[in-house]
Amino acid sequence: MTLSDPWSSVSETHFVLNCPLCGEMTSFSIEAKVTSERHSWDGQNMRFMLLLCEYCQDILIAKQEGDDDVWLAPEFLSAETKKMPRPPLHPHIPEGLRRIHEEGMTCLWAGAYTAALVMVRRILEGVCILHGFTKKTLVQNLAEMKDVGLIDWRLFEWAQALRVIGNIAAHYTDEEVAREDASDALALSEALLEYLYVFSLRFEAFKKRNPEKVMPQGQSPTQSSGSSANTPSSL
Ligand SMILES: [Zn+2]
């Protein structure tokens with residue numbers, strides 16, 4: 001696998017690379033480095049490195065071609081298709097949505113960033129359908145979710161951004177999707193799911209236990225200063 005992500009040699013002892021095992025853009029320490037005479041020719045050198053990912057603590061072997069002054073991006077030789085174990089999504093999140101999110105993470109780990117964004121779009125569609133919003137377009141459904149107070153302005157803004165980037169991924173373009181965009185989109189979709197299916201329920205339970213600590217519905221601390229609710233300034 002050749003690395004297409006930006007990378008840099010920050011020192012003689014470390015690289016900043018996108019780890020193919022944990023998926024993080026992180027620092028690798030060079031544990032050992034050998035320049036091979038056998039693989040070098042015509043002024044071109046090849047060296048092999050034993051790299052330690054400082055995020056997941058896994059070991060990778062990489063080769064690097066270059067000459068005395070300039071080395072090209074390292075190519076991992078030992079990146080097995082394995083995923084870092086990560087905690088599963090909360091069981092209150094519907095199974096179908098958890099499965100799509102997992103598929104999105106698998107796409108991310110495999111470097112299929114466009115496919116990962118398509119999964120994010122499917123998550124948004126699923127969220128709308130499971131909440132009973134079945135208008136023709138996703139944008140209409142998200143707006144309705146905001147209007148009825150299921151999501152606030154900030155989450156609506158997130159969802160809109162995810163919808164737009166998911167749309168770009170779902171239709172032909174010669175534009176490449178950046179790993180960071182796919183990774184952020186999946187993280188935001190996860191936060192959206194947790195907000196809707198986990199924290200909203202926990203807050204309802206909290207309110208029931210502590211009614212005296214909760215402001216009456218619709219009242220926000222900024223209302224007294226003249227701002228209206230449900231706008232960015234009220235968040
Ligand atoms: Zn790693």
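Modeller: Helices and strands are taken as DSSP runs, helices of at least four residues and strands of at least two, and they are numbered from the N terminus. The model before us is predicted. Its secondary structure comes to five helices and six strands, and from the N terminus on the elements run β-β-β-β-β-β-α-α-α-α-α.

Biologist: What share of the 235 residues is buried?

Modeller: Buried residues make up 20% of the 235 residues in the protein. As for contacts with a separation of 6 or more, 48% of them are accounted for by residues 24 or more positions apart.

Biologist: With which residues is A116 in contact, leaving aside its neighbours within four places in sequence?

Modeller: A116 is then in contact with G104, C107, L108, A182 and L186.

Biologist: How does one describe the packing of two helices?

Modeller: Two packed helices are described by the angle between their axes and the distance between the axes. Helix 2 (residues 113-130) and helix 5 (residues 179-209) pack at an angle of about 20°, and their axes are 9 Å apart. Angles under 35 degrees count as roughly parallel, so helix 2 is roughly parallel to helix 5. Helix 2 passes helix 5 in a left-handed crossing.

Biologist: Which residues of helix 2 and helix 5 meet?

Modeller: From helix 2 come Y113, A116, L117, V120, I123 and V127, and they meet R179, A182, A185, L186, S189 and L196 in helix 5. The residues of this contact divide into 10 nonpolar, one polar and one charged.

Biologist: At what angle do the axes of helix 2 and helix 3 cross?

Modeller: The axes of helix 2 and helix 3 cross at roughly 55° and come within 10 Å. That makes helix 2 oblique to helix 3. The crossing in which helix 2 passes helix 3 is left-handed. The contact is made by L124, E125 and C128 of helix 2 and by L138, N141, L142 and M145 of helix 3. By class, the contact of helix 2 with helix 3 has five nonpolar, one polar and one charged residues.

Biologist: How is the angle between helix 4 and helix 5 to be read?

Modeller: The axes of helix 4 and helix 5 come within 10 Å and cross at roughly 140°. An angle counts as roughly antiparallel if it is over 145 degrees, and helix 4 is therefore oblique to helix 5. The crossing of helix 4 and helix 5 is left-handed. L155, W158, A159, L162 and I165 in helix 4 meet D181, A185, L188, S189, L192 and Y195 in helix 5. By class, this contact has nine nonpolar, one polar and one charged residues.

Biologist: Does S189 count as buried or exposed?

Modeller: A residue is buried if 20 or more other C-beta atoms lie within 10 Å of its own. S189, which lies in helix 5, has 27 C-beta neighbours inside 10 Å and so counts as buried. Leaving aside its neighbours within four places in sequence, S189 is in contact with H101, V120, I123 and L162. S189 and M119 are 70 residues apart in sequence, and 9.7 Å apart in space, C-alpha to C-alpha.

Biologist: Where is Q57 found, and why does Q57 count as exposed?

Modeller: Q57 is found in the loop between strand 4 (44-53) and strand 5 (59-66). Q57 counts as exposed because it has 9 C-beta neighbours inside 10 Å. Although Q57 is not a glycine, it has a positive phi of about 65°.

Biologist: How many C-beta neighbours inside 10 Å does A73 have?

Modeller: A73 has 18 C-beta neighbours inside 10 Å and therefore counts as partly exposed. A73 lies in the loop between strand 5 and strand 6 (75-76). The C-alpha atoms of A73 and K63 are separated by 8.9 Å, the two residues being 10 residues apart along the chain.

Methods:
Residues numbered from 1 in each chain as written. Predicted model: local features only at pLDDT ≥ 70, side-chain atom pairs only at ≥ 80, totals over all residues. Axes fitted to C-alpha atoms, helices over the stretch in contact; angles between N-to-C directions. Parallel < 35°, antiparallel > 145°, perpendicular 65-115°, else oblique. Left-handed = near helix turned anticlockwise from the far one by under 90°. Contact = placed C-beta atoms within 7 Å. Nonpolar A, V, L, I, M, F, W, Y, C, P; charged D, E, K, R; others polar. Buried ≥ 20, exposed ≤ 12 C-beta atoms within 10 Å, placed from the backbone.
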